[in-house]
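Please walk me through this structure. I would like to see how its parts meet, beginning with the contact between chains and then turning to the parts within one chain.

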Amino acid sequence: MSRVSTTSSQTVDVRSLLENKRSKKLKMRKLENIIPYLLLLSALVSILTTAGILFTLLRETFGFFSEVSFVEFYTGTNWSPWSGEFGVLPLIGGTLLITVIATLVAVPLGLMSAIFLSEYASERVRKVIKPILEILAGIPTVVYGYFALTFITPILQAIIPGLSIFNALSGGIVVGVMIVPMVASLSEDAMNAVPNSLREGAYALGATRLEVAMKVVVPAALSGIIAAIVLAISRAIGETMIVTIAAGATPNLTMNPAESVQTMTAFIVQAATGDTTYGSIIYYSLYAVGITLFVFTMLMNLLSQYISRKFREEY
Amino acid sequence: MESKNLNGRVLKNRVMKTLFFSATVIALVFLVLLFYRVLSQGWGYLNWNYITSFPAPYPEEAGIWPGMIGSLMLMGVVAVVAVTIGISTAIYLEEYSPKNKLADFIRVNIQNLAGVPSIVFGLLGLTFFVYLFGIGYRLLAGGLTMALLILPVVVVSSQEALRSVPTEVKEASYGMGASKWQTIVRVILPAALPGILTGIILSLSRGIGETAPLIIVGAATAIYTLPDSLLSKYTVMPIQIYKWTARPQEEWQFVAAAGIIVLLIILLLMNAIAVWIRNKYQTRY
């Protein structure tokens, strides 16, 4: 290598340069070896988050169950925590009522929109309508809450005389509207994934568009569609602001949509807004309700993943 | 006989097509009604005074200024935390992670975290950030909670952006003698940057509209001084809107609607920027 240079002073230069370069390279290599571990550390944050959620929910829930019996909590039908009654069923009932109403709104609207977009609409129409539909999913839930309370409720009151300001129907309908894009978008993706050869085969046999959609495409995409619906239901269960604003704060074990109900999420907001001292029974009850909510949504999410994995048709 | 049957089937197809179309239109009508309602109620109350004022006991004097500043500061904290951790996680998962159980576990875990209700993140923040770390009901606690909430979205969108960089580009870089890290920093990240930025802006726009977790970690409902540090009391726009909506007098609904207009304009701007970045800088390979 030293032959490159003509004078001895320059030879030294090249050598030190080489030396320099080599030590730099070594440093680089050391750094290169550390980097994956640094990155892994930040990747572990997401695992720590899950662990943290489980830890907090479990720890505070144990605190709760040292003062209130497990059986009373899950079988009691009276929820008035400020006077020491901790039966969670009214909150679960409220959540289910809202979820049922929302599902009744979102599944027909979402599925029919998906069939229209996937099977009837031209490419151009779909490219315009789908993003607009997805705007519905991006609107903050507090805005939906305002819309439910100040717009949908008065309309419902005009139709149903004697309907109270806070009622499950208004909140449920608006939660349904909120999850329409989720059902529509995910179902449409599933239908789009059905290969055209299947459609063309049916058309060649003389089927109408409707027959192709209902007898070929929907059955072929069924696992994706059901997974989408289950995921949307999970979202409805965890929805907070709409029901807090529009459905009221009356724990009420009822299936009558005209009544005011309180959901699990709405209770958590109500209790956290008031002065809840750390370590008090109300504070612990937040977590007992929270873990119940968490288990409900987690089961739905896992079910959705299971359905889309297990029953997927591969083409 | 045969043709009658055919006519029936064709007719049925027509009827159902109209029905499917109507369903789509109904969903869009809700959107139009919502915008109409917000604009018609809020427009009259929206003026410069409203934007620069603090909350007040009278509807005509109330303003959203502390909420706007609070939301912006909160998003600052969220951006710093979620972006650093989110992009690092995405790089690890896409470029480094061996195909082993740990990496699979991290992936599944992130997918599941995305499905956890936001209010549960609030409970996490309440125990850890507010009480165990002793931060209290301060801006930092809200920011950290919100950062964890949007982290899965940031990771997944960054992963997609990294994945869209073609292998040939990476191989060309390796072929020139670049190391793995050099390739990531100087080739892959710049190529994936528009996609990553778009994802981050969209995640932040989700965070800026979130209300429930911040109620749990104690964002104030009305404050009369602006937050000046990470340990200040704070409020955000959605919480001010929530409090105004919850008041029984009709005038407060108008105040809430004006706040919603401000919030929606900010969301619209963020989304417009995201779309603009995607269209302007996205390279299609």
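**Between the chains and within chain B**

Chain B and chain A bury about 6600 Å² between them, and carbon and sulfur atoms give 79% of that area. The model is predicted, and the values here are computed from it. The size of an interface is often given as the accessible area lost when the parts come together. In terms of residues, 72 from chain B are in contact with 77 from chain A.

The polar side of this interface can be listed next. Between chain B and chain A there are 15 residue pairs in polar contact, counting pairs with both residues at pLDDT 80 or more. The count of salt bridges between chain B and chain A is one. This salt bridge joins the side chains of A:E211 and B:R9, with 2.7 Å from N to O. On the side of chain B that touches chain A, helix α1 (residues 2-42) gives the most, with 22 residues. By class, that side of chain B has 50 nonpolar, 16 polar and six charged residues.

Chain B can also be taken apart on its own. Chain B is divided into domain 1, residues 2-45, and domain 2, residues 50-281. Their contact takes eight residues from domain 1 of chain B and 12 residues from domain 2 of chain B. The centres of these two domains, taken over C-alpha atoms, are 34 Å apart.

How much area is buried between domain 1 of chain B and domain 2 of chain B? The value is about 820 Å², with 74% of it from carbon and sulfur atoms. Within domain 1 of chain B, the residues that lose the most area to domain 2 are B:V38, B:Q41 and B:Y45, and together they make up 75% of what that side buries. The side of domain 1 of chain B that touches domain 2 has five nonpolar, two polar and one charged residues. Between the two domains of chain B the count of salt bridges is zero.

The last point concerns an annotation. The unreviewed UniProt entry places the feature "transmembrane region" at residues 20-39, 64-93, 113-133, 139-162, 183-205 and 252-277 of chain B. Two of these stretches can be set against the model. Residues 139-162 of chain B are 100% helix and 0% strand, with 32 Å between the end C-alpha atoms. Residues 183-205 of chain B are likewise 100% helix and 0% strand, and their end C-alpha atoms are 31 Å apart.

Methods:
Residues numbered from 1 in each chain as written. Chains lettered and ligands numbered in written order. Predicted model: local features only at pLDDT ≥ 70, side-chain atom pairs only at ≥ 80, totals over all residues. Heavy atoms only, no water. UniProt positions renumbered as here; feature names shortened; annotations may be inferred. Helix = DSSP H or I, 4+ residues; strand = E, 2+ residues; numbered from the N terminus. Domains from an automatic or database assignment. Contact = heavy atoms within 4.5 Å. Buried area = accessible area lost by both parts, 1.4 Å probe. Salt bridge = Lys/Arg side-chain N within 4 Å of Asp/Glu carboxyl O. Nonpolar A, V, L, I, M, F, W, Y, C, P; charged D, E, K, R; others polar. Polar contact = N/O pair within 3.5 Å; in protein donor to acceptor, adjacent residues only side chain to side chain.
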